[in-house]
Amino acid sequence: AYTKQLDDIGFDDAVAAVTDALGEEGFGVLTNIDVRATLKKKLDVDFRNYEILGACNPELAYKGLQSEPQLGALLPCNVLVQQDEADESIQVGIIKPSAMFDMVDNDTMQSVADDADARLRRVIESL
């Protein structure tokens, strides 16, 4: 996974920064799961700031789906943004697409996985 700790930034600003960084690499955020709000609503429990962004690069998704119809089960790429309760730092995590694509037995996916890996690595490095 690609991970990075962000200090001296609020949670909402961190989510916005991650969203912007994804956009710079051609990824849009298709879904935003606010785990904290969902757990409060469903279980009436308090939980730390924790959001899962479903990011998709349409060009890469299209190339991948042309090569492997089952790829849709692995899309979109999930990007985790969470806040540590103790020190309030923000952790960002992205699973390497190549690790996910290993589950698809299709050698033609390698170039798509490598491209997605490089883009998402740059997202983390830019934060």
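Tutor: A salt bridge is a side-chain nitrogen of Lys or Arg within 4 Å of a carboxyl oxygen of Asp or Glu. This is a predicted model, in which local features need pLDDT of at least 70 and side-chain atom pairs count only at pLDDT 80 or more, while totals for chains, interfaces and linings use all residues. Residues are numbered from 1 along each chain as its sequence is written, and side-chain values use heavy atoms, with hydrogens and water left out.

Student: How many salt bridges does the structure hold?

Tutor: There are five. In one of them, Glu-25 and Arg-122 meet through their side chains at 2.9 Å, N to O. This pair links distant parts of the chain, 97 residues apart: Glu-25 lies in the loop between α1 (11-24) and β2 (28-34), and Arg-122 in helix α5 (residues 110-126). Helices (H or I, at least four residues) and strands (E, at least two) are DSSP runs, numbered from the N terminus.

Student: Is Glu-25 buried or exposed?

Tutor: Buried means under 20% relative accessible area, exposed over 50%, and partly exposed in between (1.4 Å probe, protein chains only). Glu-25, at 14%, is buried, whereas Arg-122 is partly exposed at 37%.

Student: Which residue forms a salt bridge with Asp-115?

Tutor: The partner is Arg-119, with the closest N and O atoms 2.8 Å apart. Both residues lie in helix α5, four residues apart, about one turn of the helix. Asp-115 is partly exposed at 24%; Arg-119 is buried at 15%.

Student: Which residues are linked in a network of salt bridges?

Tutor: Lys-40, Asp-44 and Asp-46 are. Between Lys-40 and Asp-46, the closest N and O atoms are 3.1 Å apart. Lys-40 is partly exposed at 36%, and Asp-46 is exposed at 68%.
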